[in-house]
Amino acid sequence: MKLLEDKIKSEGIVLPNNVLKVDGFLNHQVDPQLMFEIGKEFGRLFKDQKVTKILTVESSGIAPAVMTGLAMNVPVVFARKHKSLTLTDDLYTASVYSYTKQTSNQISISKRFIDKDDRVLIIDDFLANGQAVSGLFDIADAASIDVVGVGIVIEKTFQKGNQIIKDRGVQLESLARIKALTDDGRVEFE
Ligand code: G4P
Ligand code: NA
Ligand code: NA
């Protein structure tokens, strides 16, 4: 998506350890017009999948997920993060390991917001190691619902998350695909 790539080129900052800082429009301050375009683009890419619900994880997945829900006219549910959980009877939960933070979090979704006939589209801001998406797959499996696609705003194709989604065999659409973040601070797209 040209608009997104241009935004990454002009405002993205390459940090050590292969991290791209985009807090000026995605991870802290949010650019609503850009998110609106992103939502419409996901809506177009997944229009044939009969999506009934969007799933994401708080917090940075919410903005693109809500705009996709608006474009597709379906509700959006975000998994909540917790350090640990005691009362989980009415929740679907999964464990998500963060390589960047080297900690595990539990994510959960209330059973009230999942219907057995749901066809869900997962939306997230970044695809790196794929742990967040993997946790949402676990929740979908526990709830016996179908995941019909994964939409990612920025994929780092040199990390291993895309393999997890390929193995699952669902439609993957990434709006910006980064093949390298260079030592001198450049972003190289596929
Ligand atoms: P994964 O879900 O793909 O496995 O991501 P990983 O464990 O590698 O990273 C953990 C967190 O870091 C995730 O956000 C993920 O979106 C984010 N992340 C990964 N690579 C980058 C990057 O290059 N730039 C930025 N800005 N973020 C990156 P999170 O902990 O779930 O946080 P939140 O922002 O959604 O609250
Ligand atoms: Na995220
Ligand atoms: Na993030």
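Student: Hi! Which residue's side chain meets aspartate 118 in a salt bridge?

Tutor: Lysine 53 does, with 2.9 Å from N to O. Keep in mind that this is a predicted model, and the distance is computed from it.

Student: Where do aspartate 118 and lysine 53 sit in the chain?

Tutor: They tie together distant parts of the chain. Aspartate 118 is in the loop between strand 6 and strand 7, while lysine 53 belongs to strand 3 (residues 53-57), and 65 residues separate the two.

Student: Are aspartate 118 and lysine 53 buried or exposed?

Tutor: Both of them are buried.

Student: And which residues are joined into one network by salt bridges that share partners?

Tutor: That network is made of Lys7, Glu11 and Asp31.

Student: How many salt bridges does the count come to?

Tutor: The count is 14 salt bridges. Side chains of opposite charge can pair when their charged atoms come close.

Student: What about lysine 47, which residue does it form a salt bridge with?

Tutor: Lysine 47 pairs with aspartate 48, and their closest N and O atoms are 3.9 Å apart.

Student: Buried or exposed, for lysine 47 and aspartate 48?

Tutor: Lysine 47 is exposed because its relative accessibility is 58%, and the cut-off is over 50%. Aspartate 48 is exposed too, at 62%.

Student: Let's go to helix 2. Which lysine does glutamate 37 meet in a salt bridge?

Tutor: Glutamate 37 meets lysine 40, at 3.3 Å from N to O. Both residues lie in helix 2 (residues 32-45) and are 3 residues apart, which is about one turn of the helix.

Student: How accessible are glutamate 37 and lysine 40?

Tutor: Glutamate 37 has a relative accessible area of 26%, so it is partly exposed. Lysine 40 is also partly exposed, with 37% relative accessibility.

Student: Changing topic: what volume does the largest pocket have?

Tutor: The largest pocket has a volume of about 1,000 Å³. Its lining holds 35 residues, and the ones closest to the centre are Ser98, Thr100, Lys101, Asp125 and Phe126.

Student: Which strands and helices each supply at least two residues of that lining?

Tutor: Those are strand 2 (19-21), strand 5 (91-98), strand 6 (103-110), strand 7 (119-127) and helix 4 (131-142). Strand 7 gives the largest share, 4 residues.

Student: How many nonpolar, polar and charged residues are in the lining?

Tutor: By class, there are 14 nonpolar, 14 polar and 7 charged residues in the lining of the largest pocket.

Student: Where is leucine 20 found, and is it buried or exposed?

Tutor: Leucine 20 is in strand 2. It is buried, because its relative accessible area is 4% and buried means under 20%.

Student: What is leucine 20 in contact with, leaving aside neighbours within four places in sequence?

Tutor: Its contacts are Ile8, Gly12, Ile13, Val14, Phe126, Ile154, Ile178, Leu181 and Val187.

Student: And asparagine 27, where does it lie?

Tutor: Asparagine 27 is in the loop between strand 2 and helix 2. With a relative accessible area of 30%, asparagine 27 is partly exposed. Not counting residues up to four places away in sequence, it touches Val22, Ser60, Asp125 and Phe126.

Student: Which residues does the "binding site" annotation with Ala128 cover?

Tutor: Besides Ala128, that annotation in the unreviewed UniProt entry covers Asn129, Gly130, Gln131 and Ala132. The lining of the largest pocket takes in Ala128, Asn129, Gly130, Gln131 and Ala132 as well.

Student: Where's the place of glycine 130, and what does it contact?

Tutor: Glycine 130 is in the loop between strand 7 and helix 4. At 6% relative accessibility, glycine 130 is buried. Beyond its neighbours within four places in sequence, glycine 130 contacts Gly161 and Ile164.

Student: Last one: where is glutamine 131, and which residues is it in contact with?

Tutor: Glutamine 131 sits in helix 4. Setting aside neighbours within four places in sequence, glutamine 131 is in contact with Val96, Tyr97, Tyr99 and Ile164.

Definitions and conventions:
Residues are numbered from 1 along each chain as its sequence is written. Chains are lettered from A and ligands numbered from 1 in the order in which they are written. This is a predicted model: local features need pLDDT of at least 70, side-chain atom pairs count only at pLDDT 80 or more; totals for chains, interfaces and linings use all residues. Side-chain values use heavy atoms; hydrogens and water are left out. On a 1 Å grid over the protein atoms alone, a cavity is a set of points where a 1.4 Å probe fits but cannot get out, and a pocket is an open set with protein on both sides within 12 Å along at least five of seven lines; lining residues have an atom within 4 Å of a point. Grid points are joined across faces, edges and corners, and a volume is the space filled by probe spheres set on the points. Ala, Val, Leu, Ile, Met, Phe, Trp, Tyr, Cys and Pro count as nonpolar, Asp, Glu, Lys and Arg as charged, and the others, Gly among them, as polar. A salt bridge is a side-chain nitrogen of Lys or Arg within 4 Å of a carboxyl oxygen of Asp or Glu. Buried means under 20% relative accessible area, exposed over 50%, partly exposed in between (1.4 Å probe, protein chains only). Contact means heavy atoms within 4.5 Å. UniProt positions are given in the numbering used here, feature names are shortened, and annotations may be inferred rather than shown by experiment.
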